[in-house]
Amino acid sequence: MDVDIGNALETQPGLTEETLDRLDGRVADAHDRIARGMAADEFGYASLNLPETADPAAIRAAVEPFDEPAAVLTVGIGGSALGAATLADALESDVDAYFLDNVDPDAVDALLADLPLADTVVNVVSRSGTTAETLANFLVVREAMADAGVDWTDRTLVTTGEAGNLRRLAETHDLPALDVPEGVPGRFSVLSTVGLAVAALQGHDVEAVLAGGRDGMDALAGSLYESPAYAYGATTYALAERGALTNAVMPYAESLETFAEWFAQLWAESLGKDGLGQTPARALGATDQHSQLQLYRAGPADKLVTLVRPTERADAPIPETDLEGLSYLGGSSLGDLLDAEFAATEASLAAADVPNVRIEIDRVDERSLGELLFGMEAACVLYGELASVSTFTQPAVEWGKRAARGLLGGGDFPEAEAVADKREFRID
Ligand SMILES: O=P(O)(O)OC[C@H]1O[C@](O)(CO)[C@@H](O)[C@@H]1O
């Protein structure tokens, strides 16, 4: 993975090389703190040890009994689904991967109607084992399996914490179960059982993903000039300090679209604390050049754009044509067009003084993905150190959970009463 921050200098907001030099001392201190946390396997910092502590053999052993299913359905939400979905959507496999990470009845019904349940592994993932959406969806899926005459205990893999509803379910029914990694918040758990069980079921090279993560570990250093991940973390932090409160992540590869969704949780849930943070916007190149780019280029000077692409990929020729005005496309290729669009968008943002950072990986394969995912996690941890926020907690999400549970009669929560106090001002 390499990071090019040239288009974040002298922009609006922007940085100078002097700024980076001054910041580099703080990067060194932050790296020391991160290294100490990793060495002590401290809560949160332990996430950055996963490329070495994850156990691919245990993952393979857990999925081995399911013997090449037609499909794997993950029932989980947030970090318990997005990492696995990022890898599944980036890599080709004969085993189809589906994700139930929402409780939209239409979507759940449509998916279950299509799934070959007798030949699907149901991968239920929840660190806490208490997440309402995940448990509700699992109960619906389990009933659908029963209705289809499928013994759910033969088709279910559980990944959860030491205690809780899912652990009890696995023990009661002797289900294959994987442990979530200790001290690792869900959004940082892709390089573990949480993110890699689906990859193993799909036949991907889990060891290569972890090797890519180790490449990322090896690239950490006490200076932003020596570490692509820290260069990205320091640059995004310094731009946020100067007003770039939105970070539009715009991969120029369809296979990385879900990566932007995974990044959004990592960035928002880790850094949105104490009135601080940088809003991750999900975009896709070249598509969003015909959508959001207008705002990025001509809207408020309050954002940066992160352009992500593989330097190697497949290509597809554009046939020659005699259509008036299109001859310049004929004989070219879609890859040439995508590359030209990338370069044009990057230059267009720079010409409008909009800060943008280029992240490039070799190709969209297991090792490069492992390095990219690790790199973004390390960048996020560094940003959190520089911003002095509690990177590894997410207390703000709990209010809504209590309100929803109270509304469903799951307990006596004052938050549910606050819902009833909504001020109405309807126009219809
Ligand atoms: O794995 P669990 O405990 O079901 O949590 C799922 C997701 O919900 C959150 O806890 C937020 O509510 C995320 O941090 C987490 O990734």
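Reader: Which residues does UniProt list for "active site"?

Author: The unreviewed UniProt entry lists Glu269, His290 and Lys401. UniProt positions follow the numbering used here, feature names are shortened, and annotations may be inferred rather than shown by experiment. The three are spread over 133 residues of sequence, and in space they lie up to 36.8 Å apart between C-alpha atoms. Two notes on the source. Residues are numbered from 1 along each chain as its sequence is written. This is a predicted model: local features need pLDDT of at least 70, side-chain atom pairs count only at pLDDT 80 or more, and totals for chains, interfaces and linings use all residues.

Reader: Is Glu269 buried or exposed?

Author: Start with the rule. A residue is buried if 20 or more other C-beta atoms lie within 10 Å of its own, exposed if 12 or fewer, and partly exposed in between; C-beta atoms are placed from the backbone. Glu269 is buried, because 24 other C-beta atoms lie within 10 Å. His290 is exposed, with 8 other C-beta atoms within 10 Å.

Reader: Where in the fold are Glu269 and His290?

Author: Helices (H or I, at least four residues) and strands (E, at least two) are DSSP runs, numbered from the N terminus. Glu269 is in helix 11, residues 257-271. His290 sits in the loop between strand 8 (279-282) and helix 12 (293-298).

Reader: What span should helix 11 have?

Author: The expected span is 1.5 Å times one less than the number of residues. Helix 11 has 15 residues, so it should span 21 Å; its end C-alpha atoms are 21 Å apart, which agrees.

Reader: Which residues of helix 11 are buried?

Author: First, the general idea. An α-helix has 3.6 residues a turn, so residues three or four places apart point the same way. In helix 11 the buried residues include Phe259, Phe263, Leu266, Glu269 and Ser270.

Reader: What covers the buried residues of helix 11, and what does Glu269 touch?

Author: Contact means that two C-beta atoms, placed from the backbone, lie within 7 Å. The cover includes helix 4 (82-90), strand 7, strand 8 and helix 14 (366-387). Glu269 touches Arg187 and Gln394, not counting residues up to four places away in sequence.

Reader: Where does Met250 lie?

Author: Met250 lies in strand 7, residues 246-251. Met250 is buried, because 29 other C-beta atoms lie within 10 Å. Leaving out residues up to four places away in sequence, Met250 touches several residues, among them Ala283, Asp288 and Val305.
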